[in-house]
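Trainee: I would like to learn how to read some features of a structure.
Mentor: Then let us look at one together.

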Amino acid sequence: LVPILNELVESIRRDGLSLTDILRRQHAYHEQRRWQVSDLIVSGGGFRPSSRDIAFLWHAARAELTTQPAGIRLANLGLRIANELSSENPLASVVLHAAAAWSARYWLEEEAHHEVAFHSLLAMSGMAVPPHDEVVAHRGEFPEDNFARICILQACVEIEAVVSYGRIAQMADDPLVRQVFLTVMRDEAQHRQYFISFAKALVDAGAFPVKDILSMAYAWIRPDVGETLGSDRARQSRREGFVNWWEQVVQDADDPLVLWNSDELKVELTERKRQSLLAAVRRVTGLAVHTVEQLGKAYLLSMRTGGAPRTHPCQVAS
Amino acid sequence: MLIDRFEESVASFLSIPAADLYRHGLSLSQVLAMSPKARNSLDLVEAFAATIANLQLDDLIEIPPVTMTGGIDELMDAIKLQLEQTEA
């Protein structure tokens, strides 16, 4: 099996991989893991989702809608910066071309399967699929930001999906619902790996400072107000022109669409997500951050050192 | 006063004159529109984080949460309160 290139900069510098070499690897990886949503759905006879299954599908059907604007942003922005950096930082330019191509070709294609799978199951269950206005709202233009922060944001979102879908694959009542969530979860785990790889390569290539990695990660998992808490937070931001699906999660225990029906479960899942993201930050930055507090300190320290490239001797106090 | 240095530093990171930034009831969306450097809430957080780091207040001041529903004066009041508690 062709693996994902986790050390892109090393692969380019040491192994001499060209952009076309990397693109062929991406394509081979995508093809060997390709699955068809129609095959998966057809294989499931006797589909009888429970009310809990429908709540899971309701959320996933909406969450998957927002991938498309993010993929378009990454493809466009990546290509633009790749061309801007072609003389100044050719190494980063190759990484950005690779990231933009992966986003445009494989990420968007694979996420399309997820969206269609969940919408198909909703329709098969007799529930309404997201109506036109809701679909359009979830297709709002992805906000402007720098490429490294978007890569980490997407790693965060993929971690949300991996942890949530993995648990749903265990909890769902109908076998087809379990199978679809498990299949999609495996895709999301690969996407997480890709985003971490691109973020690391951009830091390794000196295109973005460590502070961009740390700031996004800290915003995601900081106590009480972190994005990972989504609609459970006491205070929500007003969004204009786009939807963050994690801010739309149904939390009311009396609502039949509530996603998680126990506070203990929410706490456990949040901790799993935190640990996964901290591991991603360690991988990208090389910093020994094992707690959210250490992550916050590392972020402040990186500000003092002018953004601290990864090679900077950035020590994190425990 | 430390709060004055804090305000000046945040304004400098946002490239907005302090006199234009504070005590006009500006929402954070308005601040973003005024700043030639900040594009989103993460950039706003970074102005505060850089100030906390540069003034070496890491253990005394928390990086403020930035929800785009609030205003810049509200954020700075929260910093002022933390500084007063520290000095007390």
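Trainee: Which residues is Ser125(A) in contact with, leaving aside its neighbours within four places in sequence?
Mentor: Contact means heavy atoms within 4.5 Å. Leaving aside neighbours within four places in sequence, Ser125(A) is in contact with Phe47(A), Pro49(A) and Ile54(A). This is a predicted model, in which local features need pLDDT of at least 70 and side-chain atom pairs count only at pLDDT 80 or more, while totals for chains, interfaces and linings use all residues. Residues are numbered from 1 along each chain as its sequence is written, chains are lettered from A and ligands numbered from 1 in the order in which they are written, and side-chain values use heavy atoms, with hydrogens and water left out.

Trainee: Where is Ser125(A) found?
Mentor: Helices (H or I, at least four residues) and strands (E, at least two) are DSSP runs, numbered from the N terminus. Ser125(A) lies in the loop between helix H6 (90–124) and helix H7 (132–138) of chain A.

Trainee: What does the side chain of Ser125(A) reach?
Mentor: A polar contact is a pair of N or O atoms within 3.5 Å; within protein, one must be able to donate a hydrogen and the other to accept it, and residues adjacent in sequence count only if both atoms are side-chain atoms. Here the side chain of Ser125(A) reaches the backbone oxygen of Leu122(A) at 2.6 Å.

Trainee: Why does Ser125(A) count as partly exposed?
Mentor: Buried means under 20% relative accessible area, exposed over 50%, and partly exposed in between (1.4 Å probe, protein chains only). Ser125(A) counts as partly exposed because its relative accessibility is 21%. Gln190(A), in helix H9 (residues 175–204) of chain A, has a relative accessible area of 17%, so Gln190(A) is buried. The side chains of Gln190(A) and Tyr29(A) are joined by a polar contact of 2.2 Å.

Trainee: How many residues does helix H11 of chain A have, and what should they span?
Mentor: The expected span of a helix is 1.5 Å times one less than its number of residues. Helix H11 (residues 263–285) of chain A has 23 residues and should span 33 Å; its end C-alpha atoms are 33 Å apart, which agrees. Among the buried residues of H11(A) are Leu265(A), Leu269(A) and Val281(A). The buried residues of H11(A) pack against helix H8 (147–171), H9, helix H10 (210–221) and helix H12 (292–304) of chain A. Just after H11(A), Gly286(A) takes a positive phi of about 80°.

Trainee: Which residue other than glycine has a positive phi near 70°?
Mentor: That is Asp224(A), in the loop between H10 and H11 of chain A. Asp224(A) is exposed because its relative accessible area is 63%.

Trainee: How are two packed helices described?
Mentor: They are described by the angle between their axes and the distance between the axes. Axes are lines fitted to C-alpha atoms, for helices over the stretch in contact, and angles run from 0 to 180 degrees between N-to-C directions. In chain B, helix H1 (residues 2–14) and helix H5 (residues 72–87) pack at an angle of about 145°, with their axes 10 Å apart. Residues that meet include Phe6(B) and Val10(B) in H1(B), and Ile79(B) and Leu83(B) in H5(B).
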